[in-house]
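Welcome, and please open your viewer. We will walk through the model one selection at a time.

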Number of protein chains: 2
Amino acid sequence: MVLAMHVNEAPAPDLDAPRRSRGRPRKSADERDDGNRRQELLRVAAHLFRTQGFDATSTRDIAAAAGMRSGSPFYHFESKEALLAAVMLEGMERALQRQADAMAQAAADAQPQSLSARDCLRVLVRNHFDVLVGPESDFIPVMLYEWRSLSTSERSAVKALKDRYETVWVPVLDALHASGELSGDVRLARLLIFGALNWTAQWYRPNQRASLDALTDTALQLFLKDKA
Amino acid sequence: MVLAMHVNEAPAPDLDAPRRSRGRPRKSADERDDGNRRQELLRVAAHLFRTQGFDATSTRDIAAAAGMRSGSPFYHFESKEALLAAVMLEGMERALQRQADAMAQAAADAQPQSLSARDCLRVLVRNHFDVLVGPESDFIPVMLYEWRSLSTSERSAVKALKDRYETVWVPVLDALHASGELSGDVRLARLLIFGALNWTAQWYRPNQRASLDALTDTALQLFLKDKA
DNA sequence: CCTACCGATCGGTAGG
DNA sequence: CCTACCGATCGGTAGG
């Protein structure tokens with residue numbers, strides 16, 4: 001039998017003090033929003049999951065980073081796993097939106113000519129780098145590297161978004177294969193290309209040697225041949 | 001104050017029974033070796049770390065998989081982190097040995113001509129796939145994907161071996177760049193290439209569609225141009 | 001290498 | 001969203 005008498009948790013650091021010192025807290029635009037604390041939890045959870053890993057991050061870490069007490073994240077999320085799933089879904093939805101925007105913008109800029117397959121791939125690769133290692137890029141690396149920790153019941157929903165994201169690349173790569181600019185089995189080539197790109201989350205550090213534009217150039221040079 | 005009275009752990013499953021039923025345990029060649037249990041711990045730890053992740057694997061899981069009681073791994077390893085470091089070091093030493101053997105074998109087979117840079121890369125890539133996703137390939141994926149969990153004091157030793165492994169590739173890629181078979185910044189290209197290869201640990205399943213030979217062909221086709 | 005255990009921490013919850 | 005807490009599990013250890 002286990003008898004455990006727990007002392008009080010450490011007294012709360014006076015997190016609200018700076019706000020209180022300005023008098024009664026005004027409800028500013030983003031504090032009024034009900035979803036605000038939920039969004040903040042997603043943001044700090046994504047950051048901690050990315051930097052420390054899902055298992056190494058406690059729900060207490062997340063609560064503290066969001067300025068809450070230890071039990072409060074469970075008011076917004078059923079479980080730690082549900083929070084992980086929400087991070088991944090939020091990340092994929094943003095990535096899909098960004099990808100669609102980038103393609104639409106590039107198509108608009110190219111008018112009246114249409115984009116070449118090579119130009120399309122350049123846009124997709126450049127946007128992928130933004131999503132992976134650009135600003136506010138914690139969500140997608142969490143999805144890529146913490147997949148194992150996602151409960152099996154939530155995997156299909158995340159996978160559906162992932163498949164939609166990758167499907168956009170397929171006709172582009174097919175066209176490049178048809179023109180002789182991409183050699184070899186297209187399915188395997190696609191998996192290898194995603195690997196090369198996704199792995200940058202492991203080593204790329206912003207403001208270091210290579211810019212994301214330069215990295216995009218190198219990637220295209222590496223993967224593509226000159227048009228036959 | 002915490003008072004905790006723990007009941008006995010679950011009674012030991014009679015792990016030695018099959019061996020005992022043959023009478024007094026004979027010390028066979030590998031049971032006699034003092035390092036045998038240590039090697040077995042490394043093997044099962046590598047497998048569990050790979051499939052579940054370091055944080056999600058308890059030292060009790062490891063002990064059970066090796067047929068020991070919960071405290072016994074600490075007779076062989078100072079800490080769970082030391083066990084992780086040992087898995088990574090063992091994996092890198094084996095990978096270096098295999099890489100050297102593969103290059104020596106290829107050079108011997110090619111006599112009296114010397115190997116082309118392209119042939120060298122093929123040997124390196126093929127061997128890398130073996131190390132990553134071939135039989136007994138748990139060690140290197142653990143090194144690649146659990147780096148975060150490695151204590152900072154042990155990182156430099158693992159990194160030294162990793163650098164030695166990658167250094168072998170540098171002159172090969174330089175030669176391919178000089179001949180026009182590899183385009184773009186060589187350092188960035190090398191990082192992208194390792195990414196493409198290392199990511200296969202995420203999706204490749206043996207005995208499935210593509211063999212490692214076919215995957216090697218596709219990789220070379222993807223990365224290399226025809227000789228100018 | 002096993003037995004028996006410790007102190008710490010974790011995810012999660014009832015009630016307000 | 002906080003307070004106060006539970007039951008479980010974890011890494012690790014003393015002594016044999």
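A polar contact is a pair of N or O atoms within 3.5 Å; within protein, one must be able to donate a hydrogen and the other to accept it, and residues adjacent in sequence count only if both atoms are side-chain atoms. Between chain A and chain B, twelve residue pairs are in polar contact, both residues at pLDDT 80 or more. This is a predicted model, where local features need pLDDT of at least 70 and side-chain atom pairs count only at pLDDT 80 or more, while totals for chains, interfaces and linings use all residues. Residues are numbered from 1 along each chain as its sequence is written, chains are lettered from A and ligands numbered from 1 in the order written, and side-chain values use heavy atoms, without hydrogens and water.

Next, select R148(A) and E146(B). They form a salt bridge (a side-chain nitrogen of Lys or Arg within 4 Å of a carboxyl oxygen of Asp or Glu), with the closest N and O atoms 2.9 Å apart. The count of salt bridges between the two chains is two.

Now show both sides of the interface. With contact meaning heavy atoms within 4.5 Å, 44 residues of chain A touch 44 residues of chain B. Why do the copies meet through the same surface? Because 100% of the interface residues of chain A are also interface residues in chain B.

Finally, colour L192(A), W199(A) and L222(A). They supply 21% of the area that chain A buries against chain B, more than any other three residues. Buried area is the accessible area (1.4 Å probe) that two parts lose on being put together, summed over both, and here it is about 3600 Å².
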